[in-house]
Amino acid sequence: MEMDIYNFDKDTGMPITITPEDTKILNFKIIIHEKCGKKHIDLEKFATFNHRKHLCLECNEYFYDHERGIGT
Ligand SMILES: [Zn+2]
Ligand SMILES: [Zn+2]
């Protein structure tokens, strides 16, 4: 069952599919937005599933990590 309640990307309309593994085995990691060099930390619901697309709060810009995970 797809958990499309996590389809938070309303800006681009791109669907975000979360696999059961993404909510079961959480890949916590250090994620740096290369453009500004700031650490990306996922909070609240974004810290509950792995994702590749992150929103930098410094630039207010989306960027992609090379793998799915959670910024910590
Ligand atoms: Zn994120
Ligand atoms: Zn940034």
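Modeller: One term to begin with: a residue is buried if 20 or more other C-beta atoms lie within 10 Å of its own, exposed if 12 or fewer, and partly exposed in between, with C-beta atoms placed from the backbone. This is a predicted model, where local features need pLDDT of at least 70, side-chain atom pairs count only at pLDDT 80 or more, and totals for chains, interfaces and linings use all residues. Residues are numbered from 1 along each chain as its sequence is written, and chains are lettered from A and ligands numbered from 1 in the order in which they are written.

Biologist: Is Glu-44 buried or exposed?

Modeller: Glu-44 counts as exposed, because it has 6 C-beta neighbours inside 10 Å. Its phi is near 50°, a positive value in a residue other than glycine.

Biologist: And where is Glu-44?

Modeller: In the loop between strand S3 (39-40) and S4. Strands (E, at least two residues) and helices (H or I, at least four) are DSSP runs, numbered from the N terminus.

Biologist: What about Asn-60, buried or exposed?

Modeller: Asn-60 is exposed, with 7 other C-beta atoms within 10 Å. It sits in the loop between S4 and S5.

Biologist: New topic. Which strands form the open sheet?

Modeller: Three of them, in the order S1-S5-S4, with mixed pairing. Two strands pair if DSSP finds at least two bridges between them.

Biologist: Which strands stand at the edges?

Modeller: S1 (28-29) and S4 (51-56). Each has a single partner strand, so one side of each lacks a neighbour in the sheet.

Biologist: In which sense do S1 and S5 pair?

Modeller: Parallel, over two bridges. Lys-29 stands opposite Gly-71 in S5.
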